[in-house]
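Biologist: Hi, could you walk me through this one? I'd like to go residue by residue.

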Amino acid sequence: IMPERDEFVPPMFNVVRRKDNPMDLNLGTSNKRVYLCYKKGPGNPICDVQLTLPSKGEAVDPGYNPVLSTPLGFPAALNSRDSSMVVSYKQDLDNLAELDDGPIFDQAVAELVQLGATMPPSVLLEPPTPPPASPS
């Protein structure tokens with residue numbers, strides 16, 4: 001979130017803190033304040049965060065999801081001295097096994113793998129089941 005753009009912590013979210021204080025990701029620069037928020041609850045937890053500099057030829061690693069916008073739709077790139085930095089996160093996908101619901105689950109897993117996600121051993125990968133043929 002970016003307070004100078006009138007953004008606030010969304011309901012049910014928390015701000016990342018360091019030593020009990022909200023952690024400004026742009027601390028030490030002359031750029032606007034930027035805070036990372038997270039939400040606790042059911043689902044796949046975040047297990048890693050990555051920073052990349054696209055202007056230096058760096059790319060987001062497979063399996064990571066870039067944070068593209070703030071809650072109000074502003075670009076979420078952090079500003080470094082000479083370029084923008086992208087924050088990406090990786091999720092622990094162990095909880096996908098709990099969602100196993102047949103063909104829809106199989107297709108979702110196949111798409112995640114195609115995007116570069118690594119599946120935990122608890123998720124068995126099988127080719128997605130094609131949908132039933134519709135009557136003509």
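**Chat about the model**

Modeller: Happy to. Thr52 has a relative accessible area of 4%, so Thr52 is buried. Keep in mind that this is a predicted model.

Biologist: Which strand does Thr52 lie in?

Modeller: Thr52 belongs to strand β5, which covers residues 46–52.

Biologist: And what does Thr52 touch, not counting residues up to four places away in sequence?

Modeller: With those left out, Thr52 is in contact with Glu58, Ala59 and Val60, and also with Ser84, Met85 and Val86.

Biologist: Okay, new topic. How many salt bridges does the count come to?

Modeller: The count is one salt bridge. The side chains that meet there are those of Glu4 and Arg33, at 2.8 Å from N to O.

Biologist: Where do Glu4 and Arg33 lie?

Modeller: Glu4 is in the segment before β1, while Arg33 is in the loop between β3 (21–22) and β4 (37–38), so the pair ties together parts that are 29 residues apart in sequence.

Biologist: Is Glu4 buried or partly exposed?

Modeller: Glu4 is partly exposed, because its relative accessible area is 40%. Arg33 also counts as partly exposed, at 35% relative accessibility.

Biologist: Where does Val9 lie, and how does its accessibility count?

Modeller: Val9 lies in the segment before β1 (14–15). Its relative accessibility is 31%, so Val9 counts as partly exposed.

Conventions:
Residues are numbered from 1 along each chain as its sequence is written. This is a predicted model: local features need pLDDT of at least 70, side-chain atom pairs count only at pLDDT 80 or more; totals for chains, interfaces and linings use all residues. Side-chain values use heavy atoms; hydrogens and water are left out. Helices (H or I, at least four residues) and strands (E, at least two) are DSSP runs, numbered from the N terminus. Buried means under 20% relative accessible area, exposed over 50%, partly exposed in between (1.4 Å probe, protein chains only). A salt bridge is a side-chain nitrogen of Lys or Arg within 4 Å of a carboxyl oxygen of Asp or Glu. Contact means heavy atoms within 4.5 Å.
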